[in-house]
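Work through the following exercises with the sequence and the structure at hand. Each task is followed by a solution that goes step by step.

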Amino acid sequence: MTAGNRPSVLIIGAGFGGVGMAIELRRNGFDDVTILERAADLGGVWRENTYPGAACDVPSPLYSFSFEPKPDWPQRYSGRDAIHAYLRGVAERNGVYDAIRFGVEVTDAEFDDASGRWTVRTADGTARTVDVLISAVGQLSRPALPNIPGVDSFAGPAFHSAEWNHDVDLDGKRVACIGTGASAIQYIPEIQPKVAELTLFQRTPAWVVPKFDTDYSPIQHKVFARLPGALLVERFGWWAIAEFVSLGLVEFPAVARLVAKIADRHLRKQVPDPALRAKLTPDYPIGCKRGLFSNDYYPALTQPNVRVETTAITEVLPEGVRTADGTVHEVDVIIYGTGFKGTEFLWPMNIYGRTGRKLSDAWAEGAHAYYGIAVPDFPNMFLVYGPNTNLGVGSIIYMIESQARYIRQAVELLGERPGHCLEVRAEQEEQFNAALQHRLSRTPWNFCSSWYRNASGRITNNWPGSPASYRRRIRKLDPDDYTLTPAA
Ligand code: N01
């Protein structure tokens, strides 16, 4: 415990989660806060994803911290560079940039029952001991390549969307794009005009709705700056829509039907060719996979240099891609928009809790935590954007802020009782998880495969309610949900 009974806190990861958490702690008087970041810069997914067209499909006034409104977002759905710069500015202005140690990768963390402290080891061989450990490593930090035979055998350049190789000139090339998720629908319209041929290997068609994007004008910037209420209205409006749709998709079939109708009309309007339209028509409930927003994805697919291939890929060859009908699609470049290892929370770190219990063992059936934040047997450890706190629709920044406030209350409790261990009661977490699983069983996420579910089909990533319902439930930490005991 550091001076004035202020616990020392170590945060893993300097994305929105880690930075937001550090600010919440610093603003509340906790000075001994360090963030370890494996990369050379902050930003998390907004540092990593540099693919053409990378942008956020959540409106920026909502996809920003409530305490750091930005009146001059360039557009409603800002691009990756603007978001990355915003986060850096927030970290600098709030005095947490200096708390980040860059290029330091956490490999292990071990709880010591005797002292009630965590020892955190990093890839450079260093060990640090702290009172409180907070993981803020996100859910989408590890790209996933598909499990297709021959993936390593391709003779030309091949890369994942989150590891875009900007040295590869796509001009005039024959390009294979694998995957039709939120990333692919952003870069396909960007690269389509450049390439000679684009073959999109689609395993599952996406539900796509229009994106009501707009550039914010200089006049709007002035209005937002001088009348903060105007920016709040924009923020609140999108928040209300996210509330309505996120709850509606789970609870009210009429909302799902309405959104499906909008998506269907969008497809009809943008894709006149019935054969192509048939290929692009989803056959699973809307909301099962993440909702996608785009005005230029379908038009790109109608261009003469694009082919949508729906026959399954069986093999990657040195010269291209073989599909199940035996066709070899010869290409010059392969781009994998195949997503992330989203259900492998905190992987590949080795985390050992009370009596040496390993987190990956506790999560053998799938990750779970009390409100995605606290895990039995892992005292004085908390998670930002942990299991079941992702949203099908809405802003993760809103969730992160809710969690940061809750975790700060936990750190305050520990500050009042130096040398103690705060641990969520196992029965409390079990009850919470049983109710959560029951609610999840009624959601549309059960009717298709997605990164929301692990290999056994358990939904480990999503919160089955509205963002506001989550915030309401964790607004105040209830000490009765925890044990607070002296270290052994
Ligand atoms: O990845 P995905 P993503 N053969 O997992 C396909 C966030 N995000 O990077 O549906 C053929 O969604 C797979 O097919 P299927 C957002 O939360 C946010 O696009 O499994 N295809 C699917 O089409 C998002 O949800 C923004 O049948 C294969 C695709 O690859 C998350 O990141 C922007 C295959 C993977 O889609 C992930 O999005 C971008 C195979 N063997 C991303 N294996 C914002 O704007 C996989 N696929 C905030």
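Two residues are in contact if their C-beta atoms, placed from the backbone, lie within 7 Å. The model is a predicted one, in which local features need pLDDT of at least 70 and side-chain atom pairs count only at pLDDT 80 or more, while totals for chains, interfaces and linings use all residues. Residues are numbered from 1 along each chain as its sequence is written.

**Exercise 1. The surroundings of Ala-256**

Find where Ala-256 is located, and state which residues it is in contact with once its neighbours within four places in sequence are left aside.

Solution. Begin with the location: Ala-256 is found in helix H7, where helices (H or I, at least four residues) and strands (E, at least two) are DSSP runs, numbered from the N terminus. Next, leaving aside neighbours within four places in sequence, Ala-256 is in contact with Gly-248, Leu-249, Pro-285, Ile-286, Gly-287 and Pro-444. Finally, Ala-256 counts as partly exposed because 19 other C-beta atoms lie within 10 Å; a residue is buried if 20 or more other C-beta atoms, placed from the backbone, lie within 10 Å of its own, exposed if 12 or fewer, and partly exposed in between.

**Exercise 2. The packing of H6 and H7**

Describe how helix H6 packs with helix H7, giving the angle and the distance between their axes.

Solution. Helix H6 (residues 228-251) and helix H7 (residues 253-270) pack at an angle of about 110°, and their axes are 6 Å apart. Here axes are lines fitted to C-alpha atoms, for helices over the stretch in contact, and angles run from 0 to 180 degrees between N-to-C directions. H6 is therefore roughly perpendicular to H7, a term that covers angles of 65 to 115 degrees, whereas those under 35 count as roughly parallel, those over 145 as roughly antiparallel and the rest as oblique. As for the residues, Val-245, Gly-248 and Leu-249 in H6 meet Val-255, Ala-256 and Val-259 in H7.

**Exercise 3. The place of Asn-446**

Is Asn-446 buried, exposed or partly exposed, and in which loop is its place?

Solution. The loop that holds Asn-446 runs between helix H12 (426-440) and helix H13 (467-474). With 14 other C-beta atoms within 10 Å, Asn-446 is partly exposed. Asn-446 and Gly-457 are 11 residues apart in sequence, and from C-alpha to C-alpha they are 7.8 Å apart in space.

**Exercise 4. The whole protein**

Count the helices and strands of the protein, and give the share of its residues that count as buried.

Solution. The secondary structure comes to 13 helices and 21 strands. Of the 488 residues of the protein, 46% count as buried.
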